[in-house]
Amino acid sequence: MAKPASKARTAYVCSECGADYAKWQGQCEACGAWNTLSEIALETAAQAKSPASRRSGWAGKVDAPKVTPLAQVQTDEQARASTGIGEFDRVLGGGLAEGAVVLVGGDPGIGKSTLLLQALAQMAPALPGLYVTGEESLAQVAGRAQRLGLPLEGLQALAETCVERILEHAVKARPRLLIADSIQTLWTETLTAAPGSVSQVREAAARLVRYAKETGTAVFLVGHVTKEGGIAGPRVLEHMVDAVLYFEGDSGSRFRVLRAFKNRFGAVNELGVFAMSDRGLREVSNPSAIFLSGSGGPQPGSCVMVTREGTRPLLVEVQALVDASPLSNPRRVVVGLEGNRLAMLLAVLHRHGGVMVGDQDVFVNVVGGIRVQETAADLPVLLAVLSSLRDRPLPEKTVAFGEVGLSGEIRPVPNGEERLKEAATHGFRRAIVPKANAPKSGGYKGMEVIGVERLSQALEQA
Ligand code: TYD
Ligand code: MG
């Protein structure tokens, strides 16, 4: 290499989404955020001078790499440890894998520390753990554990933010599980950048990942989602870790949903559902109907759908408000769904349903703060919009699901029968679904199932 070894190579990384660039620019092309790029050193001068120290990390030995036929590789099923919380195990893909590094992200106050402290206490007899707190004092952590009624013996905590010192302690205490709360407070001596900056957060996480892989210790990294780019968000770490779990949920509601966005050990989009109580997060192992607003009789602008997030069906209420707009450019606001999809659906509604909302503001919300990512929400969204526009509720005890295509066709969605079963179990009497998802008999366990092929048919039925 022509470059002198002492000159560290740098890159520019977006603190919002983690995209990196060779040169600085004002706007991140990946996420569109402004002024979020900051310079990071790809390798520090010290590391560049002694590559050996970098490769062997801080402790363990690394064997020289050699090519091996995959068939000869021992594939011992990764040992899994239960967190003692069924919903948490479910999101992790059946428990915590040995040496797994899991990023747990979410808004401040949503319950990250609470959940991890509960899991740590549950797992302590089997997996000795170490809770590293960089945000709260030891007294606050102990106080919370007491309020949660957790057994305090066997819980080890450390108030420290310097990664080198954390690892020093870890080497002595030999925990099998380490929780870093939060990664944004940690910093490493090898960099001069401020704690919370992209380079500190990435380097601190990289150290902990290396430690996890070398020692087989499972590591949870807590990451706050930040609205401003001042502190690096957890997204800059997503590619470094084995699993990424994010909390969703209204701050107003007591329900919390933990969703797997990435998981090397299990299914993505798997959901775990919890309720915040005065004794911490309780699991809701049968969450099907908790996302219904439960507001008595049918209301205009509301439609219940059966979504299938992860591996189980959920009944979710979609609400729409359509109102004459004073603006020349009426508003389209969605919470819990994808915004561009609503614009597309409204265009289909106009073109193939003959329903015009061009001069109306349209607001769509998924009740309970849950996010619905699948296209099965298309039909319920349009039914809710129509219901609000006409100010007439859908018939009582009606559910719907189905994808809407650009030519006004209603397309089938996966696991139709499972969805119908869930609706019938919860006492729904009528389902408007894609024709291909409807049983030939026109009914399912006492529920009338109306199969539709075109949007216009669906609108008539509603
Ligand atoms: P916390 O776990 O500190 O959130 P995070 O680590 O994600 O910032 O959760 C704090 C919130 O949870 C706070 O608003 C109080 C509430 N809470 C309860 O309602 N019950 C409890 O038993 C606990 C410990 C917290
Ligand atoms: Mg916290």
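1. Conventions. Residues are numbered from 1 along each chain as its sequence is written, and chains are lettered from A and ligands numbered from 1 in the order in which they are written. In this predicted model local features need pLDDT of at least 70, side-chain atom pairs count only at pLDDT 80 or more, and totals for chains, interfaces and linings use all residues, while side-chain values use heavy atoms, with hydrogens and water left out.

2. Surroundings of ligand 1. The ligand has 15 residues around it, and G109, K112, S113, T114 and S277 are the closest (a residue is near if one of its heavy atoms lies within 4 Å). By class, this shell holds six polar, five charged and four nonpolar residues. Here Ala, Val, Leu, Ile, Met, Phe, Trp, Tyr, Cys and Pro count as nonpolar, Asp, Glu, Lys and Arg as charged, and the others, Gly among them, as polar.

3. Polar contacts of ligand 1. A polar contact is a pair of N or O atoms within 3.5 Å. The side chain of K112 has an N or O atom 2.8 Å from an oxygen atom of the ligand. For T114, a polar side-chain atom is 2.5 Å from an oxygen atom of ligand 1. S277 uses its backbone instead: an N or O atom there lies 2.7 Å from a nitrogen atom of ligand 1.

4. Cover and elements. On its own, ligand 1 has 560 Å² of accessible area, of which the protein covers 73% (Shrake-Rupley method, 1.4 Å probe). Two elements give two or more residues to the shell: helix 4 (112-123) and strand 13 (271-277). Helix 4 supplies the largest share, three residues. Helices (H or I, at least four residues) and strands (E, at least two) are DSSP runs, numbered from the N terminus.

5. Helices 8 and 9. Which residues of helix 8 meet helix 9? They are R341, L342, L345, L346 and L349, and their partners are D378, V381, L382 and V385 (contact means heavy atoms within 4.5 Å).

6. Backbone details. The peptide bond from D181 to S182 is cis, with omega near -5°. S182 sits in the loop between strand 9 (177-181) and helix 7 (198-215). R174 is not a glycine, yet has a positive phi of about 50°; this residue is in the loop between helix 6 (163-173) and strand 9.

Notes:
Polar contact = N/O pair within 3.5 Å; in protein donor to acceptor, adjacent residues only side chain to side chain.
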